[in-house]
Amino acid sequence: MASSTPRVQPGSFLTLHYRLAGPYGDIINTFEGKPSTLTVGNSELSPAIEQRLLGLEEGTRTQFEIPAGEAFGERNPEMVRWVARKLLVQVSGANAQYSVGDVVKFPTPDGAGQYAGAVKELGADEDGDGHPDAVLFDFNHPLASHPVTFEVQLIGVI
């Protein structure tokens, strides 16, 4: 007799706890709080992670080791860019302060979405206004070019 336990397939709506970690520790971990909900195939997780979820039964708790570069691609040096103060004022306001390591969200050109960049370096303050004239951002995913550990507990599969 076939199991009636729901299995993950493309388009499944999932309620789950998950932990995503790289070589320097956890990037996200929902096991201590509220579970996440997502739909398989909506690009809420990387394709490499979604592929590993397919076929898992509701109630499964497992962990995957994903090779370097597979989950979030390779680092692209062209995605490390200087952003002018003029644009930063539009994004975060005139009084925004930045520190190395900060993550800043930018609107996509069409205004429909967002992408994030991590502050790598603060430029000079040539005009003496107390703000750098430009900030160096890394727009690569923080786990690009790194092996990834993905732990999941499937609470519900619809």
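The largest pocket is lined by 25 residues, and Val 103, Ala 116, Asn 140, His 141 and Pro 142 lie nearest its centre. A pocket here is an open set of points on a 1 Å grid over the protein atoms alone, where a 1.4 Å probe fits, with protein on both sides within 12 Å along at least five of seven lines; lining residues have an atom within 4 Å of a point. The model is predicted: local features need pLDDT of at least 70 and side-chain atom pairs count only at pLDDT 80 or more, while totals for chains, interfaces and linings use all residues. Residues are numbered from 1 along each chain as its sequence is written, and side-chain values use heavy atoms, with hydrogens and water left out.

The volume of the largest pocket is about 760 Å³. This volume is the space filled by probe spheres set on the grid points, which are joined across faces, edges and corners. The lining comprises 14 nonpolar, six polar and five charged residues. Ala, Val, Leu, Ile, Met, Phe, Trp, Tyr, Cys and Pro count as nonpolar, Asp, Glu, Lys and Arg as charged, and the others, Gly among them, as polar. At least two lining residues come from each of strand 1 (13-22), strand 2 (25-29), strand 6 (103-107) and strand 7 (114-122). Strand 7 gives the largest share, five residues. Strands (E, at least two residues) and helices (H or I, at least four) are DSSP runs, numbered from the N terminus.

Strand 6 and strand 7 pair in the antiparallel sense over five bridges. Pairing requires at least two DSSP bridges between two strands. Val 103 has Ala 118 of strand 7 as its bridge partner. The hairpin of these strands has six residues between them, and Gly 111 takes a positive phi near 75 degrees. One face of strand 6, Val 104 and Phe 106, is covered. The other, with Val 103, Lys 105 and Pro 107, is uncovered.

Strand 7 also runs antiparallel to strand 8, joined by four bridges. Leu 122 stands opposite Val 135 in strand 8. Strand 5 (residues 80-84) is joined to strand 8 by five bridges, again antiparallel. Here Arg 81 has Phe 137 as its bridge partner. Five of the five residues of strand 8 (residues 134-138) are buried, so this strand is largely enclosed by the rest of the structure. Buried means under 20% relative accessible area, exposed over 50% and partly exposed in between (1.4 Å probe, protein chains only). Ala 134, Leu 136 and Asp 138 point one way from strand 8, and Val 135 and Phe 137 the other way.

Arg 19 is in strand 1. Arg 19 is buried, at 17% relative accessible area. The Arg 19 side chain makes a polar contact with the Asp 26 side chain at 3.0 Å. A polar contact is a pair of N or O atoms within 3.5 Å; within protein, one must be able to donate a hydrogen and the other to accept it, and residues adjacent in sequence count only if both atoms are side-chain atoms. Beyond four places in sequence, Arg 19 touches residues including Ile 28, Phe 31, Gln 63 and Glu 151. Contact means heavy atoms within 4.5 Å.

Ser 36 lies in strand 3 (residues 36-39). Ser 36 is buried, with a relative accessible area of 19%. Leaving aside neighbours within four places in sequence, contacts of Ser 36 include Leu 14, Leu 16 and Tyr 18. By contrast, Gln 51 of helix 1 (residues 47-53) is exposed, at 55% relative accessibility.
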